[in-house]
Amino acid sequence: LNELVDIKRVQETKSLGLVGVKGINKKTSHLVHTHFGSWRACANASVEEITAISGMGPIRARAIWEYWR
């Protein structure tokens, strides 16, 4: 049971990483994390790399990029 709680906590942390960035919800945050594999990789990504994520438009990609700057 503790392992399930820990797994759920990790999943929530991954999903909440970008929540608070204008236009980014929990689902989008999780999508970005899944695409890059880590928040560090996301932070090092260019706007173009973020925009390349399926369903990601240039405005949200720019907001994510600016968040890490």
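Buried means under 20% relative accessible area, exposed means over 50%, and partly exposed lies in between (1.4 Å probe, protein chains only). Helices (H or I, at least four residues) are DSSP runs, numbered from the N terminus. This is a predicted model: local features need pLDDT of at least 70, side-chain atom pairs count only at pLDDT 80 or more, and totals for chains, interfaces and linings use all residues. Residues are numbered from 1 along each chain as its sequence is written, and side-chain values use heavy atoms, with hydrogens and water left out.

**View 1**
The buried residues of α5 are Ala-61, Ala-63 and Ile-64. They cover an arc of only 160° around the axis, so they sit on the same side of α5. The arc is that of the directions from the helix axis to the C-beta atoms. On the other side of α5, Pro-58 and Ile-59 are exposed. The cover over the buried residues of α5 includes α2, α3 and α4 (47-51).

Side chains of opposite charge can pair when their charged atoms come close. A salt bridge is a side-chain nitrogen of Lys or Arg within 4 Å of a carboxyl oxygen of Asp or Glu. By this rule the count comes to one salt bridge. Glu-66 forms a salt bridge with Arg-62, and the closest N and O atoms are 3.7 Å apart. Both residues, Glu-66 and Arg-62, lie in helix α5. They are four residues apart, about one turn of the helix. Glu-66 is partly exposed, at 46% relative accessibility. Arg-62 also counts as partly exposed, at 39%.

**View 1. Helix α2 and its two ends.**
The buried residues of α2 are Thr-28, Ser-29, Val-32, His-33 and Phe-36. Their arc around the axis is only 135°, which puts them on the same side of α2. The face turned away from this buried side carries the exposed residues Lys-27 and Thr-34. Asn-25 caps the N-terminal end of α2. A side-chain oxygen of Asn-25 lies 3.2 Å from the backbone nitrogen of Lys-27. Just after α2, Gly-37 takes a positive phi of about 90°.

Thr-28 lies in helix α2 (residues 26-36). Its relative accessibility is 8%, so Thr-28 counts as buried. Leaving aside neighbours within four places in sequence, Thr-28 is in contact (heavy atoms within 4.5 Å) with Met-56 and Arg-60. The side chain of Thr-28 also makes a polar contact with the side chain of Arg-60, at 3.1 Å. A polar contact is a pair of N or O atoms within 3.5 Å; within protein, one must be able to donate a hydrogen and the other to accept it, and residues adjacent in sequence count only if both atoms are side-chain atoms.

Rings of Phe, Tyr and Trp (its six-membered ring) pair if their centres lie within 6.5 Å; planes under 30 degrees apart count as stacked, over 60 as edge-to-face and the rest as tilted. A search of the whole structure finds two aromatic pairs. The rings of Trp-39 and Trp-68 have centres 6.2 Å apart and planes at 35°, so this pair is tilted. The pair links distant parts of the chain, with Trp-39 in helix α3 (residues 39-43) and Trp-68 in the segment after α5 (58-67), 29 residues apart. The rings of Tyr-67 and Trp-68 have centres 4.9 Å apart and planes at 75°, so this pair is edge-to-face. Ring pairs link Trp-39, Tyr-67 and Trp-68 into a cluster.
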